[in-house]
Protein chains: 2
Amino acid sequence: MDTAELIELGQQLRVDSVRASAAAGSGHPTSSMSAADLMAVLLAHHLHYDFDRPEAPSNDRFVLSKGHASPLLYSAYKAAGAIGDDELLTFREFGSRLEGHPTPRRLPWVETATGSLGQGLPVGVGIALAGKRLGPHDGAVPRVWVLCGDSELAEGSVWEAAEHAGHEHLDNLTAIVDVNRLGQRGPTRHGHDLDAYARRFQAFDWHTVKVDGHDVDAVDRALGEAESTRGRPTVILARTLKGRGVASVQDREGLHGKPLPHADEAIEELGGVRDLRVRVQAPPTVRSLHSVPDGHLDLPRWEPGDSAEEVATRDAYGQALAALGTARPDVVALDGEVSDSTRAEYFAKEHPDRFFECYIAEQQLVAAAVGMAASGWVPYASTFAAFLTRAHDFVRMAAVSGAGINVIGSHAGVAIGQDGPSQMGLEDLAMFRAVHGSTVLYPCDANQTAQLVGAMAGLDGVRYLRTSRGAGPVIYGPGEKFPIGGSKVLRSSDGDRLTLVAAGVTVQEALRAAEALAGEGIRVRVIDLYSVKPVDRATLRLAAEETGCLLTVEDHHPEGGLGDAVLDAFTDGRPVPRLARLAVRTMPGSASPEQQLHAAGIDAESIAASARLLVETAIVP
Amino acid sequence: MDTAELIELGQQLRVDSVRASAAAGSGHPTSSMSAADLMAVLLAHHLHYDFDRPEAPSNDRFVLSKGHASPLLYSAYKAAGAIGDDELLTFREFGSRLEGHPTPRRLPWVETATGSLGQGLPVGVGIALAGKRLGPHDGAVPRVWVLCGDSELAEGSVWEAAEHAGHEHLDNLTAIVDVNRLGQRGPTRHGHDLDAYARRFQAFDWHTVKVDGHDVDAVDRALGEAESTRGRPTVILARTLKGRGVASVQDREGLHGKPLPHADEAIEELGGVRDLRVRVQAPPTVRSLHSVPDGHLDLPRWEPGDSAEEVATRDAYGQALAALGTARPDVVALDGEVSDSTRAEYFAKEHPDRFFECYIAEQQLVAAAVGMAASGWVPYASTFAAFLTRAHDFVRMAAVSGAGINVIGSHAGVAIGQDGPSQMGLEDLAMFRAVHGSTVLYPCDANQTAQLVGAMAGLDGVRYLRTSRGAGPVIYGPGEKFPIGGSKVLRSSDGDRLTLVAAGVTVQEALRAAEALAGEGIRVRVIDLYSVKPVDRATLRLAAEETGCLLTVEDHHPEGGLGDAVLDAFTDGRPVPRLARLAVRTMPGSASPEQQLHAAGIDAESIAASARLLVETAIVP
C-alpha cells in the first residue's frame, strides 16, 4: 500500500471502531483510534500471518496488550477478511465472538486473553522465547508483535518482561507502545514524554525507536527497523492522540471507555465508511513443531513400606518431570530461581534446552508458561506455593484464555517449619480452586506425585500441583493409579464411626491418628483426597453416610481449601451428616515442622483428640 | 566510630549472624555476611532511631527487604542494645520473637513483614510518601532506609516502587542494594555489574551511588550522599561478597539458606565473638501525628423505597469515604488509576492532600497502603476487584505484618455486563477469605455500604469491601446498623420451607425470587449475608433448622466464596440440613448485566426454579 492507502486504512479502522462501539453502546473507541495508524501499517506491510491457518507455527504472533482496544482489533480482522461487517457489529453482544476484551477461547487469531493490563508483553515474551529457543528450527523464527498502551507501563509485570526479553536478546519481539497520553482517569505519569519511556527500555537493553504514531511512513520505517534489529528486542514508542481524527474527542479527558457521543458525525468527520481489504503477507511454510513422536513414559518408582527411604513429594516431582521430559519432547519447564528447592533442577539437568530460568519474577514465570502453551508446548512452571500468589492475576487470565498450563507450588503449609509464614503457602488451594476450569492436586507420597505429574500433561485448563518440603513415607505402590477426581480410601471397616479426610502432609497424620484411635477401640476411616478439584463426591458422600461424620484436616487456612472442597459433595440438596474441620487457624511463627503441625492442631494427636470428641460426645472440636 | 571500629562492628554482626544460625540449625548467614558492613555503618552513623520508643513519628524507618537476612537484623538489634545475646540465640525457636523472617507482629522495631522478596521497597515507598506528604509537618521528615537484595530486583514490584518514588521525588527514601551476585539457585542475571542496576534506577529518575560494600568509609560517604541528595530518591549499589569474611563460603554457590558448615572455625576466622555496643543517634522530638481530634461522622443517607433513586454501592462507597475523611483526619485514600470507576474520586476531590494516585500498579497500591498503616494512617485502597488479584502476595504479607488496611474491590462479578471476564472479580471473595484475620464485606445497598465503610476503619487486619458497578434499590433505612459478623433476615415467616442466602447483587434477585415463590404459595426466607467473614453462624444455623434447607446464591465462582463461607456455620459436628448453591460456574462472555445474571443462573428466575425443585422434589438444583 502507498502512503495514501495506509492513511485510508487507518481511517477505516477508526470508522469501524466507532461503528462497532456505537452498535454495542459501550467499548473503547478513543483508545482504538489512537493506535489505528500503527495497526494499519503493521497489518498491511509487516505482519506475516495466514488467517486461514492460525495454528501455523510460522505465523507471526500479534498480541493486543491494551485489550480494551478490541474494536481496533476486530476492525483489523475485518480489513484482513477474517470476519465480515455483520459480525463486527455484533461487538459485545451476548453470544458474539467479539467480546469486550479479546480471548482465544472465542477467536482463533487471538494468542492470549487480555484486558488485565500489563499482561500482553509478558505473555509475548513467552511466545518469543519459545519461538527463538525451541523452534521452528529452520531459521524462520516468527516475529511477535505486542501493541501496548502507555498507562499499562506502570505495571511491574511490564518491567519483568522488559528485563527478561533484554536478557534473552529476543530480537524477534517488538513492542509497540501507543503513547496517547491519557489513561482511564486522566493523564499518565509521563504524558507525551517519549524520552521517559525510551530511557527505561534502553536501561533494560532494548532498542528504542521514537515515532509520530500518526505518520504512516515513519511508522513503516520504525517497524522495518524493528525487523532488522539483531540481538535486542525493539520498542517503538509512538506519540499518538487518543480519539485521533474526531475533534470533539481528540486528546480530551473523560472519554475513556465510552462510545463517541455523535457517532454519525464522527464517521463523517473521518471520511465515512470504507471497505478496504488488506492482503496480509503469508508466512513461510515450515514443518510443524513437535514432529518427534512421544516416547514411552518411564516414571520413577519407589517401593512402599516402613523400611523404605522417605521421599519428599517435591523430589518426586522433579524426578517425574525429568522422566516426562524424556518421554514427551513437547514438555518444557520454567522456574522462579528456586529450582534447587522445587526440584525442577532435575529436569533442567536432563533437558537444559527446554528449561527456562525466570528468576524471581513470578508474573513473568506464569506469563511465559501461558505464552509457551499458546505456542503448542506443555509448560510446567514452579516456585514456592506462597509466591504463586504473586501471579494470581496471570493465573486468572490464563483461565480466561483457556490456556493449558501446569503450575507447581512447593513448600506448602506450616510443615515447612522454621522459615515462617512468609514462605508458607496457606492460601494456595483457595486461590487455585477458585480459578475457572482448574484442577487442583495435592499428593501425599512419591508414587502418587509421579503419576499425577504424568496425568496433568493431558488435562485442559490450569492444573495446580501442591508439593511438600519434607520427606515422608512411601504409601502407595509404584503401579497404583490415581484418577483425576478420585480419592483413595486408605483405611476402612464396617464399624467406622468417623471419616478423616486428609491430603498431602496430613494423610500420614490422619493414618497415625486412626491407628491410635483403633487402639482405643474407635475405628475411623481415612480418605486421601489427593484430587482437591474436581472432588470425589461419591466416595465422600458414601463415607459420610456410612460413618456419620466427616473430619477434614488440612495444612492450609480454613477458607477455600480442603474443607471447603469437601462441601462440594454435600451441596446437592440432600441431608448432610455431621461435618467438622481442622485447619491452620493461627498465624504461625518459626518452629520445627512437628511443632508447627501440633501448634496448628493438625497433627496426629490433635486429630485423634478431635475425633474422640466427635465420636463420643458430638461436641464441637 | 572510626574506621577500625566500624570494621569491628561489621565483623561482630557477621559473627552473631553465624552464631544465631548455628544455634537455630537453619537460616541465612551468608546473605547476612554480605550486608554486614552496610548495616554497621548505617547503624552507627546514619540511622536516627529510638529503640525505646519505636512508635515515635520522628524515628527513621528501616526495612529489611531481603528478609531472609534476619540474622543480620537481629545482630544489629543486639549491637544497639535492643535485645540481649540470650535472645539472639533463640533465633527460629518455637515461641521466639526472632522468626526466620522479621515481622512487626512480634518485634516493635520491624516496620513490615518481609520474606516475600520485592516487597520491602514498595512498602518503604508508602512509608516515605506518608512521611513526606502527610507529616510530621515541622520539616523533620524521617528518612526511610530499605536494604534490598540484588536477586529481588527481578520482581516487577521493585520497578513499580522505583517509578512511584522517582515520580514523587521521594528524597527521604534510600534503597541500599546488597549486590552479592548470588541468588538462591545461583548467579543473578547481572552478577556484579553495578552499572546494569545503575542504568535502570537512573532511568526511573533515581540518584545512584556505586560503592564497594565492604569499604566502610566509602559506604559512610555514600549514605551521607543519600542524606544530602534533594529532589530524588537515592539507591546505593554496593558490591559485596556473599559469605564475606569466611573463605570456605565466601562468594561460593550452593550455600544459600544454610548455616555455616563449621561455625566455630568461621567465628575464629572472623576474629571471634565481640560485644561492641552502638549508640544509635536519637531522632529529633516532634509532636505526634493525628493531633487533630476526630470529628463527628456524618455519613451520607439514602431513603429506601420503590420511589427512591437507585444507587450503586460503589457510589455509596465514594461518598461515605469522603464523609469519613472529613470526620477522621487519619484516613487516607489510594487508587489504581480508576478512581472515576471506584468512586474514590469523591474523596480525592474533598481531601486532595490525603489522596494518593498509584496509577496502574496494584502491588504498589497495596504496598503503599501497608506503609501508610505502618505510619499510623488508616488507608482505603481501591481498584477493580479483578485487579486486586495482582496484589495477592502483598495482601497475604499484610496479614503476616498484622497491618490494618482497607481494600475495596469494585466492579465485582458478572453483573458488570459487557466488559467481559477479564474485568469481573469472580475470585476475590475466595482470595480475601483465605487471608488470615481478614474481614470480608459485601454490601447490597447504599446505606449498608456507608455504614460498613465507617465500621471498617476500626477493625484489625485486612478488611475487604466488595462493591458493585450497577445501581440498585435502597433496601435499608439510613439509621440501620450492620454489625461485623452479622446478617439481615430480609424476609421470613413461620411457614418458610427454604432459606435463600445472598449478598450484594444477588440480594435483590433473591427478594424477587421469594416474591414470585410466595405467589405460588411457597414461602422462603431471605438472608442478606453482608458479612461474608466472619459469618453469622447463629442466624444461618437457625434458618437451616427452621426451614430445612439453605440455597446460597453468589456472583462469584463456586469455590471459596459465599457458599463456602456458609459452610462455616455447619462444621461444628452437628447434623446439617440440606444445602445447595448457585454460583457462576461458566466462563462468562460479553452480555448485558441482566443476561449475565441469567446465563450464570443466579438471577431471580433461576433462583426460583432451583428453590421449587428443592422444596417440592428435593432434587439436585
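**Notebook: the interface of chain B and chain A**

I looked up one charged pair and found that Glu559(B) forms a salt bridge with Lys533(A), with 3.3 Å between the closest N and O atoms. I counted a salt bridge when a side-chain nitrogen of Lys or Arg lies within 4 Å of a carboxyl oxygen of Asp or Glu. Between chain B and chain A the count comes to 22 salt bridges.

This is a predicted model, in which local features need pLDDT of at least 70 and side-chain atom pairs count only at pLDDT 80 or more, while totals for chains, interfaces and linings use all residues. Residues are numbered from 1 along each chain as its sequence is written, chains are lettered from A in the order in which they are written, and side-chain values use heavy atoms, with hydrogens and water left out.

By class, I noted 38 nonpolar, 38 polar and 33 charged residues on the side of chain B that touches chain A. Here Ala, Val, Leu, Ile, Met, Phe, Trp, Tyr, Cys and Pro are nonpolar, Asp, Glu, Lys and Arg are charged, and the others, Gly among them, are polar.

Next I looked up contacts (heavy atoms within 4.5 Å). I found 109 residues of chain B in contact with 109 residues of chain A.

The same surface serves both copies, as 100% of the contact residues of chain B recur in chain A.
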